[in-house]
Amino acid sequence: ALPGHLLRGLLPLLTVFRLERAEDAARRAGLSTQPIWRKLWDDVMKTRPPNSESITCWRKKFLETFFSNVLHGVLDISSDWRLNDHHFSPLLHSSPHVSQLTLCNMLQGAVELTAEHNHKVLENLAGSLRILKFQHLLSCDQSIKRSLVLLLHQLIHHGSVSQVSMYSWPVPDTVLLVLILSMSAGFWRSGNALAYHGSPCGLCRQEDKAQSQRSAQERAEKGHNAKREGSDGENQKESPEALEETHMNSALSGPRSPPLRNPACEETSSKVPCDHTSTQGGSSPLSSSEQLSCHPVPRKTRRRLKPAVGRKRRCLRRSRGPYADPEDLYDFVFTVAREDNSGLLHKTRTTEGENTENWASSSPGSPCTGHAGCKKRGGPAGIFSLKAAHRFRSVSTLELFSIPLTGETCRTLSNLLSSWVSLENLVLSYNGLDANIFSILSGLRALSRHPECRLRVLRVSDVFSHMPCMELVRCVLSAFPQLHTLSVSFDLKNQLEGNRPEGNPSCSEAEIPESCLEQLEIRFPREPLHTTFLLPVLKASKSLQQLSLDSATLPCSQELGLLLQVLKECTPNLKKLTFHDVNLAEHQKEVLLLLQDPVLQEITFSFCRLFESSTAEFLTEIINTVKRNSSLKSLKLPGNRLGNHRLVALADIFSEDSSSSLCQLDVSSNCIKPDGLLEFTKKLEGHIQQRGGQIQFTHLRLFQNWLDQDAETAQEALRRLKAVCSVVNDSWDSSQAFADYISVM
C-alpha cells in the first residue's frame, strides 16, 4: 500500500510481470498505467500499430501482441530487461488478455499450444479467445493436424471462440480445410474418442458422466413415480441392462447432443422477424448447450452398441501419447469422396479398417442415416458425412478470404451450412466459386428453413460472377428476409453466365417478401443497372438505412430517376447513399435532387465524373443546395477532378448565410495542389470568423492529392487547417502515381 506519489515513480521501473500485478493497486490510487504500456509497445515492438488512435487499452494491446510474437518465435524476451523476469512465464501470464489469435504457415503455434507444458495456457485461451484466424497456411503432416484437432476442440467446442477467419491460401489442403470448417460448425466425433495427451478429453468426460447421471436419475424417478401410481409393473422398473444401454447411448450421442427443442432456440424463434438483438454464437462453455442445433441428433440403437464400443476402445489405445497414429485423423472426420455417374459417394474409413459407403441425400443437411447399403440418389448435397458426428458448440462468424473452393469443398460447406443455425455472419471473398455458387445457395436455402436460423450478415465477393448480381440478391432475399446486411460484389462478368446446373432455376422471378434489410451493397461487374430488378428489392426493404451501388452503368437517364423516386417513397429510413464508379456526368438534375433530400445524412459520389461535362453553374447549384440542407452531415466527393478552383468554391458551404450542418468533407484524389489548399483554408477561416467561430465542420480528408509539389505551402495550409478541423492526409508521391498511370495506358 504505497502512497500515490511513490507508486507513480515506481511503476515505470517495474518488469512486465510486476507491472501487471500492480495494475489493481494503481487503479485504486487513481493512477493510469496506459502511458507505461504505450512506451513498452514503442520500445519492444518498435512498430506503429494500425489504427493506433482507436486503441483504448494499451495493456491489452501489448500483452496480446506479445503473446502472438512469443508463440511464433519472432520476439526474444531477453532483448529487454522488463521482459526478463524469472517469475514471468510469457505465454501463461499474457494468455488471459488474448481475445484474437492468428495461426500461420505450418501451424507451429497449434503444436506449441497443445504441448503438455502449455495445458494451463490453453485453458486460459478457452476462456479469453473470441477470434481465431488462419493465414497463409501450408500443407502439414498428420501429427500437426492432430494438434490442430485438439486446439479447435478446446477453443471452439469447449471454449469461447465465436469467429473463425481464414486468409490467403492459394492451394488449400482439402483435408485440413474441411477439418477446420467442420469443427467450426460444431461437428465432431464423441468427446470420449478425442484423446488429449493419452487421455480422453476431460471436459467431454465430465459432461458425459453428468449427462449419464441425469439420464439415470430421470429414469429412476419415472420408475418410482410409476410405482407409486400403481402402474404396470413392467414399466415400474429399470433393468440393469437397460440402464447400461441408457448410459452408453448418452455417451455415444456426444456430450452436447441437444433435446428435441432447446430453450434458447424456442426463445429465438418466438422473436419478431426483424429483431435487432444479435445472438452471440461464442458464449462461455457454461452456456454452450444453448448454442446447439435445435434438431435431435440420431442416437445409436442397441444393435450398434457393441461395435461402437469396440471402436472407442481401439481409438483410446491408439491415442496414447501426444503422437498418436496419424491414421486416426481420418477416423474422426470424413473421407475421400468421388463423383460418378450415379451420384456422390461418401467412403468413410472406420477404425477396423473397413470401408462403408453412404450416398448423399438430395437435400442439403439431410445425409443418409440408413445402413451402409442405403443409396439415395440425387443432387450433390455435400461430401461431409455427418452420420457418425455429434454436435458441439459452433462459431457464429465464418470468413473465408482468398481461398479457392473446389466443387468438392463447396458441397461440404453447403452441407455444413444447411444446419449451422448458430451462424450469424458469413463472408465468402474471392473463393473462385463460379458455378459452385449454386451449391452454396442450396445449403443456405436449407438453413433458411430452420426456424432457429440466426444468419443476419452475408457478404459474397469474387472475380467472376456466374449469375447476374441482381438475380443473386433476389435469390438470397427471397430465402432470407431476416437478413440485416447483404453485400454482393463481382469484378468481371463471366462469359458463361446463365449456364446453370440442372435443378437451379433462375431467381430473377423469385418473390421477395418484406425484409428486414438495413444495409445493401452491390458491386456490378460493369453490367447495366436495370431498375426492373432492383426496384422490387427496394420496395420490400422498408428498413433500409444504407445503400451502395458500385460500378454500374445506367442504360438511360430515366433509370436513375426511377431509382430516386422509389428510394423516396419506399425507404423512409435511408440515411447513407453511396455511388462509386458510376458515370453521373449526364445526371446533374438527379445529383441535385439527392443533395436536397431531407432524410439522407451521408452522400458519397466516388469517382462519378461529376464535373466532366459540367458548367460553373452546376457547381454553384451544388453549393447552394448543400447550404440549405440542414440534415446532411457528410459529403464525400473523392475522384471527381475538383481541382483548385472548385475546392476553393466549396468553402462557401460554410458561409455566414448557410444553414448547413455538414461535419465531414472528403476531397481525396481530386488533383488539389498546395496553393489551392492554402486558398481554401484562408477562405474557410474568413467564414468561421464571420460566424463568430460557430461551425460544425470537424473532418477533412485529403488522401492522394498533389500536395508534395510544394511542401512548404502544403505544410502551412495543413497547419492552419488543423486549427479548424481534423485533417487526414498521406505522404503521396504524385509523380510516381502519374508514372504508374502512364505505364498502364
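Among contacts (heavy atoms within 4.5 Å) between residues at least 6 apart in sequence, 81% join residues at least 24 apart in the protein chain. The model is a predicted one, so to speak of local features takes pLDDT of at least 70, and side-chain atom pairs count only at pLDDT 80 or more, while totals for chains, interfaces and linings use all residues. Residues are numbered from 1 along each chain as its sequence is written, and side-chain values use heavy atoms, with hydrogens and water left out.

The protein chain has 27 helices and 22 strands, taken as DSSP runs (H or I, at least four residues, for helices; E, at least two, for strands) and numbered from the N terminus. Of its 745 residues, 52% count as buried, meaning under 20% relative accessible area with a 1.4 Å probe, protein chains only.

Now look at one helix pair. Helix H9 (residues 142-157) and helix H10 (residues 174-184) pack at about 15 degrees, their axes 10 Å apart. That makes the two roughly parallel, a label for angles under 35 degrees. On the H9 side, the contact is made by Lys145, Leu148, Val149, Leu152, His153, Ile156 and His157; H10 brings Val175, Leu176, Leu179, Ile180, Met183 and Ser184.

Ser184 sits in helix H10, and its 1% relative accessibility is why it counts as buried.

Note on methods. Axes fitted to C-alpha atoms, helices over the stretch in contact; angles between N-to-C directions. Parallel < 35°, antiparallel > 145°, perpendicular 65-115°, else oblique. Buried < 20%, exposed > 50% of the residue type's maximum accessible area, 1.4 Å probe, protein only.
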